[in-house]
Amino acid sequence: MEINEGKVVDGKHVMIHFVDVGKGNCVIIQFPSGHTTFVDIDNSHTSEENTEPIEYFKSKKMDYNVFRFILTHPDMDHMSGLHELNQKYDIINFWDTENEKKLTEWDNTPYKEEDWDTYQSFKGSESDPKHLEYLRGADQKCCFVGDGITVLSPSYKMLKESKDAPDGDSEKYHHLSYVLMIEYSGLRVLLGGDASKKAWDDILEEWGEDALKANIFLAPHHGSKNNVNEEVFKHIKPDYVIVSVDEGTTYAYNYYNSISTVLTTKHYGTIKVRLQSNGKYTKYLEKNG
Ligand SMILES: [Zn+2]
C-alpha cells in the first residue's frame, strides 16, 4: 500500500521534467498530491553536457523525498544513480517488474555495480522502499490512480513473453517494460518506457484505440526504430513526441517527424511540461535546439 508522506507542491498543476540525461531515461513528476515520482534514472553520463539527475532534483527544491520510483525495466540506463538517490533521499515506494535478470559484468561498461546491488536489495522489501510489482489494471485508488497514473503495460502475457525469451534477446526486458498514461484535467502524457513492438500490440488489443490518445508521447526505447509500432502509434496522435536520446545517437527521425513535432533531449536539453488545471499545458525547453 502506498502511503502519503509527500508534500503538497501547489495543488494546481502536474509538472513533468524530462531530464536531459543523455543516452538513458529520467522523468521526474510532481503531482498536486506531493507524490514526487521518478520514472527511471541515469547518471552514467557520456558527456559533460548531460544533466546530473540528482543535482537537478536538488536544484529544483522538490527533494523532500521520492514518494515513488518507477523502474520501467531492469536495464542499467534506467537505474544508474539509484544507489546515490537511495542514500540521499527516502524512497517510499519502488515499482519494479517481475524479472530474474542477473548482471555480473561491469568492466567496459559505464555502469556501477552499486546501482545494481541497490536494485537487488529492494526486492521483497516491505518498507523504505516498499517493493511493488504492478501489472496492467492494477488499482490503488488511494495513490497512483488518484495521481492519474494508469498502468497500460506490462500484462501477465508480456511477463511470460519476457520469461520465455532467451537470454541475449534484445527485447527480453522490453516486453515487460512499464508503459504509463498520466492524466490530469483532460490532458494525457504517455510514457513509453522501452516497450517492445509486441508489448504495444498487446496494449492496443487490451485497451483499444482511444485509450492510446495522448498530448505528449515519450517515445519508447530512446526513439529506436526497433521499437516503432506504426499500427499502434497512429492512434496516439500526439502534439509532441519527446525522445530521450544522446548526442551522436540516431533515432527513428523520419517516422516520428512524420507523426508529430519532435523534441529531443539532445537538441532541447531538459524538457518540462506543466499540465494545468484549466486543461491547457505549457512546455519549457532548456535549449533552443
Ligand atoms: Zn533504455
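**Confidence.** I looked up pLDDT, the predictor's confidence in each residue from 0 to 100, and found a mean of 93 for the protein, with 96% of its residues at 70 or more. Residues 1–9 have pLDDT below 50. Beyond near neighbours in sequence, that stretch still has 26 contacts in the model, a contact being two residues whose C-beta atoms, placed from the backbone, lie within 7 Å.

**Ground rules.** I'm reading a predicted model, where local features need pLDDT of at least 70 and side-chain atom pairs count only at pLDDT 80 or more, while totals for chains, interfaces and linings use all residues. My residue numbers run from 1 along each chain as its sequence is written.

**Overall build.** I get 8 helices and 16 strands, taken as DSSP runs numbered from the N terminus (helices: H or I, at least four residues; strands: E, at least two). The radius of gyration is 17 Å, close to the 19 Å that the globule rule gives for 289 residues, so the protein is as compact as a globular protein of that length. That radius is over C-alpha atoms, and the rule is 2.2 Å times the number of residues to the power 0.38.

**Contacts.** I checked contacts between residues at least 6 apart in sequence: 65% join residues at least 24 apart.

I found S15 (residues 271–276) and S16 (residues 281–285) running antiparallel, joined by 5 bridges; pairing takes at least two DSSP bridges. Ile 271 stands opposite Leu 285 in S16. With 4 residues between the strands, the hairpin has Gly 279 at a positive phi near 85 degrees.
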